[in-house]
Amino acid sequence: MGFEDADPGTVRPGGRTARVRASVLRAAGDALAEHGFARLDLADVARRAGVGKTTVYRRWGTVTGLVADLLLDMAEQSLPRTETGSLLGDLKANARLVQRTLADPRQGALFKAVIAAATCEAKTAEALHRFYDIRVEEWAPCVRQAVDRGEVPEGTDAHEVIRAVSAPLYYRLLTTGAPLDEAAADRAAEAAAAAARAGAYLRGDEGRG
């Protein structure tokens, strides 16, 4: 999958309602990055955003509702896929986008907080799943185009290939603490591309001898 490390809500045009949403989502992201999900408080977010508490409570209602909107906004604001003309080039572009985001101090902390919350909060988990579904779907055509070019076998599951690119990077973020650099991103892309070419991501019966 891939997403830019842009601040949520920062490029949304419109009137006062749009500006309030952008300010509140930015404040929510800052609070999540600083203190985690457990200490996220709507009144604190309102104070950070410079808006009335009633506005935040009326529009988002709960912390989980606010986080869900934050994730939706981040998915909508993420950069579109890059098409380089080769599967490896496309997957490297995807991997480096993920790497830049997760290596960013604010965005990396934000994702850690949301992922931690998703393990024990069903609505946050649903919102996180929707976020990744949107981003995987954005990049899946790169794999479908590789099938059309004959780079990978017919029947390759495009979504699984895209997920395989970012999986090692999230593993580093959440478990090992190893550097999240471009070399790690490129290795993740190369491994996913090699596995796809070898038929590791064929769907269903197509992957069985």
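A residue is termed buried when its relative accessible area is under 20%, exposed when over 50% and partly exposed in between (1.4 Å probe, protein chains only). By this criterion, both Asp69 and Arg21 are buried. The structure is a predicted model, in which local features need pLDDT of at least 70 and side-chain atom pairs count only at pLDDT 80 or more, while totals for chains, interfaces and linings use all residues. Residues are numbered from 1 along each chain as its sequence is written, and side-chain values use heavy atoms, with hydrogens and water left out.

Confidence is given as pLDDT, the predictor's confidence in each residue on a scale from 0 to 100. The chain has a mean pLDDT of 90, and 91% of its residues reach 70 or more. Helices (H or I, at least four residues) and strands (E, at least two) are DSSP runs, numbered from the N terminus.

A salt bridge is counted where a side-chain nitrogen of Lys or Arg lies within 4 Å of a carboxyl oxygen of Asp or Glu. The structure holds 15 salt bridges. One of them joins the side chains of Asp69 and Arg21, at 2.6 Å from N to O. Because Asp69 lies in helix H4 (residues 63-77) and Arg21 in helix H1 (residues 16-35), this pair ties together parts that are 48 residues apart in sequence.

Helix H1 also contains both Arg26 and Asp30, which are 4 residues apart, about one turn of the helix. These two residues form a salt bridge in which the closest N and O atoms are 3.3 Å apart. Arg26 is partly exposed, at 28% relative accessible area, whereas Asp30 counts as buried at 19%.

A further salt bridge is formed by the side chains of Lys92 and Glu190 (3.4 Å, N to O). This pair links distant parts of the chain, with Lys92 in helix H5 (residues 87-103) and Glu190 in helix H9 (residues 182-197), 98 residues apart. Lys92 is partly exposed, with a relative accessible area of 24%, and Glu190 is likewise partly exposed, at 36%.

Aromatic pairs were assigned to rings of Phe, Tyr and Trp (its six-membered ring) with centres within 6.5 Å; planes under 30 degrees apart count as stacked, over 60 as edge-to-face and the rest as tilted. The structure holds 3 aromatic pairs. Phe111 and Phe131 form a tilted pair, 5.6 Å centre to centre with 55° between the planes. The pair links distant parts of the chain, as Phe111 is in helix H6 (residues 105-118) and Phe131 in helix H7 (residues 122-149), 20 residues apart. Phe111 is buried, with a relative accessible area of 0%, and Phe131 is buried at 2%.

Tyr132 and Tyr170 form an edge-to-face pair, with 5.8 Å between centres and 85° between the planes. Tyr132 lies in helix H7 and Tyr170 in helix H8 (residues 158-176), so this pair ties together parts that are 38 residues apart in sequence. Both tyrosines are buried, Tyr132 at 14% relative accessibility and Tyr170 at 10%. Phe111, Phe131, Tyr132 and Tyr170 belong to one aromatic cluster.
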